[in-house]
Amino acid sequence: MVRASQATTFSASAYFDDRGPHGTAQPITERVNPHSRPIVSYFFPKGVGEFHYGERHPMKPHRLTLTNALVMGYGLDKQIHHIYNPRPATQVELEMYHDHDYIEFLSRVTPNNQNEMRHLIDTFNCVEDCPIFAEMSDFCRMYAGASLAGARKLCSGTCDTAINWSGGLHHAKRGEASGFCYINDIVLAILELLRYHPRVLYIDIDIHHGDGVELAFYHSNRVMTVSFHKYTGEFFPGTGKLDDNGANLGKHFCLNVPLQDGIDDDMYLTVFKTVIEDTVTAFRPTAIVLQCGADSLGCDRLGAFNLSIAAHGECVNFVRKFNVPLLVLGGGGYTIKNVSRCWTYETAVLVGADIPDELPATIYDPFFRDSQWKLHPPLTGRVENQNTPASLQKITISIRNKLRYLQGAPSVAMQEIPPDLEGLLADEDKNPEEKDEERGTAFAGESRSDRYTSRHEYFEGDNDVDQDDCPQLSATKRNSISSGARRPRTKRTRGRARGRVSGTNGREGGEEVDEPSSAKPGKTRGRVRSRGKPRGRVAEKDKDLEDMDMDVGGEPESGFEPETPVDIDIDV
């Protein structure tokens, strides 16, 4: 029997909100056919949404949990080919770009010992925007490991599109934190892609300029960075003006599209598609990294644009249609209910699935009550549009002029091989016997099955398939005699050699040999002499040479003496 006071406990309340007349999306049940569309891999490190920057901090990793709940609620996991829980990045992987001292600091600092490490905290800029919070190092390794895993899958060719909404933290520098970002997973992923892909295009649609990625590749012509962002000179991070083009080899490989407050869907899509299409045509990337910061949406806590979720997703769809290996990352976004809806919609775009405007039933229904559980709430028209068609046309013309300087995609023929690939290439150059010797299963050169014949020589040996019945010299004695004089051929020859060497009593360096009867025993010279001009009568060329059989002493059956190619006198 239940008491009246216990009838309205929290455990007895409804699990989901009562939506009334508002519908609920039913999850997709049909599983994807692996051969029907490009392969999509989805990376979600387990527990990555459980970290907390601080009570009043705008960055909320919980948005990743909301996104994953909506993705699973729509049944998009049935349309995704592979879902991974990637391992965290190792310190060695993080130090492929970041400084060793900085990585050591991130691994040791905690909220409990931050007072003792105050001087290092100021040095590495872990103040205000980048606070020290519990298990901060684990959080950084998780999202960086997911981006690296996606890049490796693209390089191996096991997927065409890799999605990691926990990544995209584009402000972190080599030796310091910046703008809520501690580890620049984008740079690490691009470096991984460069091991296989000659050219990588980086596209950033976050409202903030991707200064960390631009700085990392500012002098490189293998990575082109294109950033669409708000620029006033004072808006964070204060970089990304139109004239920033790169330097040295990277000159004109850095493009910035500075925009003003309140840009709407039509203007944004027009300039985005124009710039990206021209860039892809000129640069011809073999891989693309797309940072989908959702703070460019309307009504964002730190943003000032008027973009809708549909327009944001259309940018992703436009890049997807180039059919280039694509790594899709998250980024900014500080109104978490809109961020989760945006990235869920873009996941559906990337897998090619149509999802309804009603949200599925999840345990996070109260987050979306004010928007009546809709996927596309009205987000536009809140900020006055300060962009004009003339200003946007000026930007696109300037970028097209910069792209004219590229003069074709850069070559990578003389690029340095990454260090860990040198050993792999060295192993590939080894023959099977050398590889067997390293494994300890080889014959150490005791036997060879292949046949080697010097140029302009006949093959002679135990494995000769066309050897005659005449006695042959062994390989050891052939090598010893060849150092003293040119060896006459023991197969069918065109004449009689004076002083034919016997293979029975030969010794190296002036040894005793058996002479045929034609040699004069009275001569004694200390060296073997060979003449270039033959002695005897010259036989007619190509006349019955197949019928001339040589006896053991080298005498032909016919009565004439044929041409002798080499005349050798050997004295005892």
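This is a predicted model: local features need pLDDT of at least 70, side-chain atom pairs count only at pLDDT 80 or more; totals for chains, interfaces and linings use all residues.
Two residues are in contact when heavy atoms of theirs lie within 4.5 Å, and a residue is buried when its relative accessible area is under 20%.

Of its 572 residues, 46% are buried. The accessible surface comes to about 30,000 Å², and carbon and sulfur atoms hold 49% of that surface.

Now return to helix H8, residues 265-283. Its 19 residues should span 27 Å at 1.5 Å a residue, and because the end C-alpha atoms are 26 Å apart, the model agrees with that expectation. The buried residues of H8 are Asp 265, Met 267, Tyr 268, Leu 269, Val 271, Phe 272, Val 275, Ile 276, Thr 279, Val 280 and Phe 283. Just after H8 comes Arg 284, which takes a positive phi of about 50°.

How do the axes of H8 and H11 cross? Helix H11 covers residues 389-403, and its axis comes within 10 Å of the axis of H8, with a crossing angle of roughly 5°. Angles under 35 degrees count as roughly parallel, and therefore H8 is roughly parallel to H11. On the H8 side, the contact is made by Met 267, Val 271, Thr 274, Val 275, Asp 278, Thr 279 and Ala 282. On the H11 side, the residues are Pro 389, Leu 392, Thr 396, Ile 399, Arg 400 and Leu 403. Together they divide into eight nonpolar, three polar and two charged residues.

One residue of this contact can be followed in detail. Val 271, in helix H8, has 3% relative accessibility and therefore counts as buried. Not counting residues up to four places away in sequence, Val 271 touches Phe 228, Val 257 and Thr 396. The C-alpha atoms of Val 271 and Pro 389 are separated by 9.8 Å, although the two residues are 118 apart along the chain.

Helix H9 (residues 309-320) contains His 312. Is His 312 buried or exposed? Its relative accessibility is 1%, so His 312 counts as buried. Leaving aside neighbours within four places in sequence, its contacts are Ile 205, Cys 292, Gly 293, Ala 294, Ser 296, Leu 297, Cys 342 and Glu 346. One of these, Cys 292, is 20 residues away along the chain, with 8.2 Å between the C-alpha atoms.

Helix H5 (residues 136-156) gives another case. Its 21 residues should span 30 Å at 1.5 Å a residue, and the end C-alpha atoms are 31 Å apart, which agrees. Because 17 of the 21 residues are buried, H5 is largely enclosed by the rest of the structure. Leu 148 lies in this helix and is buried, with a relative accessible area of 3%. Apart from neighbours within four places in sequence, Leu 148 is in contact with Ala 89, Glu 93, Leu 188, Ala 189 and Glu 192. Leu 148 and Asp 185 are 37 residues apart in sequence and 7.5 Å apart in space, C-alpha to C-alpha. After H5 comes Gly 157, with a positive phi near 80°.

Notes:
Residues are numbered from 1 along each chain as its sequence is written. Side-chain values use heavy atoms; hydrogens and water are left out. Axes are lines fitted to C-alpha atoms, for helices over the stretch in contact, and angles run from 0 to 180 degrees between N-to-C directions. Helices (H or I, at least four residues) and strands (E, at least two) are DSSP runs, numbered from the N terminus. Angles under 35 degrees count as roughly parallel, over 145 as roughly antiparallel, 65 to 115 as roughly perpendicular and the rest as oblique. Ala, Val, Leu, Ile, Met, Phe, Trp, Tyr, Cys and Pro count as nonpolar, Asp, Glu, Lys and Arg as charged, and the others, Gly among them, as polar. Buried means under 20% relative accessible area, exposed over 50%, partly exposed in between (1.4 Å probe, protein chains only). Accessible areas come from the Shrake-Rupley method with a 1.4 Å probe; for residues, only the protein chains shown count as cover. The expected span of a helix is 1.5 Å times one less than its number of residues.
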